[in-house]
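Please keep the sequence and the structure in view while reading.

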Amino acid sequence: MLENFRVVDLSESISAAFATKQLADFGADVVKVERPGGDPVRQAGAKAAGSTWSRNPLFQYLNTNKRSIGLDLEHPGGREVLERLIRGAHVFVDSLPHDQATALGITWERVTAWNPDVIHAAITPFGRSGAYRDWRASEIVLYAMGGEMYSTGLAEREPIKLAGHVSEIEVGSVAAVAILGALVAQQAGQGGDYLDISGFEVQMAGIDRRSSSLLGYQYTGEITPRRGGWSAGGFPAGIYPCSDGYFEISAGPAYWTRMVAMLGHPPALLDPKWTAPGANGSPSLREEFDSLFLEWTMQRTRTEIWEAAQAAHVFVGPLNSMQDLLVDPHLAQTGALVTVSVGKDQYTMPGAPLRFNRAQGWRLSRAAPDVGQDTEDILTELGMQAPQVHRLRTEGAIA
Amino acid sequence: MTDNQSRSSSPLAGLRVLDLTVAWAGPYATMLLADLGAEVIRVENIHVFPSMTRGMQPRPAAEFIRSQIAQVGGYPDRDPGHRPWNRCPFFNVHARSKRSVTLDLRKEEGMSLFWRLVEISDGLIENNAPDTLEKLGITWERLRERNDQFILVRMPAFGSGPYAGYRALGTHLEAFLGQTMLRRYPDMDPSMNSTTFSTDFLGGSAAAAAFLMALLGRRSTARGCAVEVPQAQNGLALVADALIERAMRGQEPEARGNRDHSVIQGCYPCRGEDQWVVLRVETPEEWARLKAQAGQPELTSLKFIEVVTDSKVHDRVDAVLSEWTSTQDSAALADLLQGDGIIAGPVIDHERAYRDPHLADRQFFVRLENEDCGTHLYPGAAWHSLRRPVAFQRGPVLLGEDNEYVLRELLAISDAEYRRMERDGLIGTEYSLH
């Protein structure tokens, strides 16, 4: 889809790497500009120690289909190569803290002077202005400050984050939307743009409860408390045990009839008290229901309950493990998981997130690059001759 | 050019998107497109109330509203008003800048107007239960026949494949994806996990991105396309690290709670009621600085490597750090530590967000109004654009607010015809249901 676009990616964060991964996976030529020692994201997440894998697996996932050029931006020669890359790019992405961007002279003013049509996206934790401009962040800080960690967990315990890098990935996905939108304008002849993307704001404006809870507070003056279990919409809802684990169900008032059908119309649930106005918000009725429901769930497996719920059009999800995903028939048959070979290693990771019917969409052209793997190719494309490249290398401007 | 002159219209100005979305994931996608300047028209039906969209029910009972958290039961001042569907926070938060027309798509007359809208629109986004569109007779083939430049974005839970007919909300997809098993407190089973909806977030942004890519593709091919964004497959990105770890090590990753690999990390109590700060220490140097700030003698001899390699040592460190943080203000402490190069942040609740100095500096919250709610501060745009700033055209859209605009201006329905449609209950501004 994006085969005609060239992206220069100077970023060093999970969020920004996920944004440019989406561009690269759908066909854009993403040139990853790395410091000589490599992007620090190469060290993030679980280490490959104890396995046969020699490279960082999270990095491998975030950087599929990208090329890498090693540049020392402290060196004038390195900065000159960056400038030439940006002159030929449709999109330039960085994640530099404000002071570093200024010190290196990689600011919007300079970038737009080099290339007035370029889309310059600065993807940073807090944006390029404001009280927290110079703060650092990470997954847990984004979730804590982004308005929802406070309401996640139990009232008597500390707030708890989601697993892995959910907030950072969300930020990257929204950054990709902002970049693609700006590309539409660029392609319509409206020129370049500067996008100041703050992870903190992406979180605050996000749909996973955050923004709704913020508006709920505006409307009522009430803070959404930290509550375990399903907290909205009536019962049955939440996570219940079954014979081989757990499942989650949401079948509030609108789904009551279907739910009763799923359970085989037990006489105890045909009493009109269950459908009286407000019944679905009653804690005592919920307790009564749960004891009946648990009798049914404990005799069934996750899969049996999931299938019964789907047949009755009730919302249920089985609580899967990672192993369950690796052997799931739907994921296997839809190409949702792929195995990428790098040298002797085989990395299993998520594959196509979506499909176009009339165009080539997601594809895997190459594994994530090693640091500077494509330096010479890229410099040649910029029209540099071998002696020039040799000189840059001797001076330490490229790696 | 001065900066003012160089500003131009929104990226998607002049593009029209039909919005058949429900709940959160779909409306979030169309919100992003509206933020980019597209004219998004919600096509709604006064005889069909999709639950979890403009509320859980058209007219929820007072007892039900009282039992619900603010996000669900938080109608302004806890009062559902005469038209509760225009006052629900979990709808209004994404409904800015959109338009709404009511058409009964189960009737021939509604469908014929819908097809005329297809001819003058650029695309459609939907995330209904599987087969909802098929039952209405809306298929890619028919859309393409009407308008070969049309872009159809569908956001099924699972999409084509063995689970094609399966339905799910975001929280069930999180369960399916294994996120729910991993995001529990490490010392508890998952049954008391809070309900979260991260796949709505990621599904919505992916669908918006898919629409934009299709639009970019259309520039060269002059043809539209259909995109399927199966939210389960798309949501794998949210567990990518755990999935990769499982494949790599051959054993199930453990629930880590607030901890992370190879760092010191946690959420610690602060002074005041239910106040918290999160900390992350990535290097021995940062650890030395944190120890100096904390001034707790028990920590002095502990090396970074000991803490990150032994969870019992980390537990002990957490207890000592908590004693110290309990005496500190969370915002002031985060500020102090950030100033010393340590990653930290206060846990921000919904009241505090509105007086956060950084969000104020960046004018994040935006005053919006609709007829049934009055004026409030709403969460604003997710990004800043220098040349084409996100501008909210209007407040959260009322049901049927744009019937006149869509039917009379866009489709040139006559006065008499429009009045007849109102009389026959084909269009309106109130649900016929309770």
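A residue is called buried here if its relative accessible area is under 20%. The model is a predicted one.

Begin with helix 1 of chain A, which covers residues 14–25. This helix has twelve residues and spans 16 Å from its first C-alpha to its last, close to the 16 Å expected at 1.5 Å a residue. Twelve of its twelve residues are buried, so by the cut-off above helix 1 of chain A is mostly covered. The buried residues include Ile14(A), Phe18(A) and Leu23(A), and also Lys21(A) and Asp25(A). After helix 1 of chain A comes Gly27(A), which has a positive phi, near 115°.

Next in chain A are two paired strands. Strand 2 (residues 29–34) of chain A and strand 3 of chain A run parallel and are joined by five bridges. At one position of this pairing, Val33(A) has Ile69(A) in strand 3 of chain A as its bridge partner. Strand 3 of chain A covers residues 66–70, and because five of its five residues are buried, it is largely enclosed by the rest of the structure. In a regular strand, side chains alternate between the two faces of the sheet. In strand 3 of chain A, Lys66(A), Ser68(A) and Gly70(A) point one way, while Arg67(A) and Ile69(A) point the other way. The residues on both sides are buried.

The next region involves both chains. An open sheet of seven strands has the order 12(A)-6(B)-5(B)-4(B)-1(B)-2(B)-3(B), and its pairing is mixed. Its edge strands, each pairing on one side only, are strand 12 (355–356) of chain A and strand 3 (98–102) of chain B. Within the sheet, strand 4 (residues 123–126) of chain B pairs with strand 5 (residues 151–154) of chain B in the parallel sense, over four bridges. There, Ile125(B) is opposite Val153(B) in strand 5 of chain B. Helix 20 of chain B packs on this sheet and touches strand 1 (16–20), strand 2 (39–44) and strand 3 of chain B. The direction of helix 20 of chain B makes about 75° with that of strand 3 of chain B.

Helix 20 of chain B (residues 403–410) also meets another helix. Its axis and that of helix 21 (residues 415–423) of chain B come within 10 Å and cross at roughly 145°. This crossing of helix 20 and helix 21 of chain B is right-handed. From helix 20 of chain B, the residues in contact are Asn403(B), Glu404(B), Leu407(B) and Arg408(B). From helix 21 of chain B, they are Asp415(B), Tyr418(B) and Met421(B). By class, the contact between helix 20 and helix 21 of chain B has three nonpolar, one polar and three charged residues.

Chain B also has an open sheet of three strands, in the order 7-8-9, with antiparallel pairing. Strand 7 (264–270) and strand 9 (343–346) of chain B are the edge strands, each pairing on one side only. Neighbouring strands of this sheet are turned by 15° against each other on average, direction ignored. Strand 8 (residues 275–281) of chain B pairs with strand 9 of chain B in the antiparallel sense over four bridges. One of the bridge pairs is Leu279(B) with Ala344(B) in strand 9 of chain B.

Helix 14 (residues 284–294) of chain B packs on this sheet, touching strand 7 and strand 8 of chain B. The direction of helix 14 of chain B makes about 145° with that of strand 8 of chain B. Helix 16 (residues 311–325) of chain B lies across strand 7 and strand 8 of chain B and runs at about 35° to strand 7 of chain B.

Key: Residues are numbered from 1 along each chain as its sequence is written. Chains are lettered from A and ligands numbered from 1 in the order in which they are written. This is a predicted model: local features need pLDDT of at least 70, side-chain atom pairs count only at pLDDT 80 or more; totals for chains, interfaces and linings use all residues. Side-chain values use heavy atoms; hydrogens and water are left out. Axes are lines fitted to C-alpha atoms, for helices over the stretch in contact, and angles run from 0 to 180 degrees between N-to-C directions. A crossing is left-handed if the near helix is turned anticlockwise from the far one by less than a right angle, and right-handed if clockwise. Contact means heavy atoms within 4.5 Å. Ala, Val, Leu, Ile, Met, Phe, Trp, Tyr, Cys and Pro count as nonpolar, Asp, Glu, Lys and Arg as charged, and the others, Gly among them, as polar. Two strands pair if DSSP finds at least two bridges between them. The expected span of a helix is 1.5 Å times one less than its number of residues. Buried means under 20% relative accessible area, exposed over 50%, partly exposed in between (1.4 Å probe, protein chains only).
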